[in-house]
Amino acid sequence: MKIFLVALAFIYIIPLLIIFTNSFMSMGEIARNYGATHDYFDHELIGQISWVQYKLIPEIITLSQYHTLLFKTPMYLDFFINSIRLTLPIVIMHIVIGSTAAYGFMVWQSRFKEIIFCAYIIVMVLPFQATLVPNFIMADALGILNTHASIILPLGFSPFAVFIMRQCMKGIPVNIFEAAQIDGANHAQQFFHIAMPMAKGGAASLIILTFADSWAMVEHPMVFLRDSALEPLSVVLYRIGQDNIGLIFAASVFYMLPMIWIFLYGQEYFEQGVKLSALK
């Protein structure tokens, strides 16, 4: 079983290895391996078709792709900054709104609490296509269409964040909050000193999942943004290498780095949060 899992993991990681190692190839080698391709169904070119040659180890290691990308392609950095401007506010809103709403569900004593939370779950399982048109109409009515706010606001108020944080906070013993209330702690003190520290695993899971989803979003920017200068890197990554195919590998490596870094940094808390969310 372990051998099968290792082999499966290796198959999944091969494309990432190819992207990383090919980012150190020279432009000429990349052109030879990936540049001369034809349509397989073009019968006029039968016998002249040249297949893509995937190579894991470059003939000559060079940093020319990264030099061209960072110093001669300024639009890449602009789109990279757009991705950060979209992703960070959404992550912050998920943490703030999700944790406070989850704490409210936990301390609110009402027979309608579970019904309202069930409505949250129903909204969460709806496909984004079902809410895309209403969000577009609302953004147009508010006059924020073709701005980053038209993407940040709908995605920032996510029931998924409330679900994750509530599942984690449900595992906190009630007697801890009762003891804090006896000592005179108000809700703000209980939230910041008890609920959030004990739900840090869920918060880490939420940050990683939200960052991954927001960093790779494509549909919302394509619908809400008309100005191409405002688009994130996930939408325009393919344009980077239109004139120079070699830049695609270096651009893809930089595109993956934030996601890899944030996952490795919070991997322990992420696993803990997923386990807690699944058990509650």
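1. A word on helices before anything else: helices (H or I, at least four residues) and strands (E, at least two) are DSSP runs, numbered from the N terminus. Gly-28, for instance, sits in helix α2, which covers residues 27–35.

2. Please keep the origin of the coordinates in mind: this is a predicted model, in which local features need pLDDT of at least 70 and side-chain atom pairs count only at pLDDT 80 or more, while totals for chains, interfaces and linings use all residues. Residues are numbered from 1 along each chain as its sequence is written, and side-chain values use heavy atoms, with hydrogens and water left out.

3. Some overall figures. Buried means under 20% relative accessible area, exposed over 50%, and partly exposed in between (1.4 Å probe, protein chains only). Buried residues make up 37% of the 280 residues in the protein. Contact means heavy atoms within 4.5 Å. Of the contacts in the protein with a separation of 6 or more, 78% are between residues 24 or more positions apart.

4. Now for the interior. A nonpolar core here is a set of buried Ala, Val, Leu, Ile, Met, Phe, Trp, Tyr and Cys residues joined through side-chain atoms within 4.5 Å. The largest such core has 19 residues, and Leu-69, Tyr-76, Leu-233, Leu-237, Ile-240 and Ala-251 have the most contacts inside it. Two or more residues come from each of α3 (64–71), α4 (74–107), α11 (200–215), α13 (233–240) and α14 (247–265). The biggest contribution is that of α14, with six residues.

5. Not counting residues up to four places away in sequence, Tyr-76 touches Leu-69, Leu-233, Ile-240, Ala-251, Phe-254 and Tyr-255. Apart from this core lies another, of 18 residues, including Ala-161, Cys-168, Ile-194 and Ala-195.

6. Which helix is largely enclosed by the rest of the structure? That is α13, because six of its eight residues are buried. The buried ones are Leu-233, Ser-234, Val-235, Val-236, Leu-237 and Ile-240. Their cover includes α3, α4, α11, α12 (219–224) and α14.

7. On helix packing: two packed helices are described by the angle between their axes and the distance between the axes. Axes are lines fitted to C-alpha atoms, for helices over the stretch in contact, and angles run from 0 to 180 degrees between N-to-C directions. For α4 and helix α8 (residues 159–169), the angle is about 50 degrees and the axes are 8 Å apart. The two helices are therefore oblique to each other; angles under 35 degrees count as roughly parallel, over 145 as roughly antiparallel, 65 to 115 as roughly perpendicular and the rest as oblique.

8. Looking at the residues in that pair, α4 brings His-94, Gly-98, Ser-99, Ala-101, Ala-102, Tyr-103, Phe-105 and Met-106 to meet Ala-161, Val-162, Met-165, Arg-166 and Met-169 of α8. By class, this contact has nine nonpolar, three polar and one charged residues. For the classes, Ala, Val, Leu, Ile, Met, Phe, Trp, Tyr, Cys and Pro count as nonpolar, Asp, Glu, Lys and Arg as charged, and the others, Gly among them, as polar.

9. Is Gln-190 buried or exposed? Gln-190 is buried, with a relative accessible area of 2%, and its place is in helix α10 (residues 187–198). Leaving aside neighbours within four places in sequence, Gln-190 is in contact with Tyr-103, Phe-177, Ala-180, Gln-181, Ala-185 and Ala-195.

10. One backbone detail to check: Asn-146 has a positive phi of about 70 degrees although it is not a glycine. Asn-146 lies in the loop between α6 (128–142) and α7 (149–156), and counts as partly exposed at 25% relative accessibility.

11. Gly-28 is partly exposed at 37% relative accessibility, and its C-alpha atom is 8.6 Å from that of Gly-246, 218 residues apart along the chain. Ala-149, in helix α7, and Leu-86 are 63 residues apart along the chain, and their C-alpha atoms are separated by 8.4 Å.
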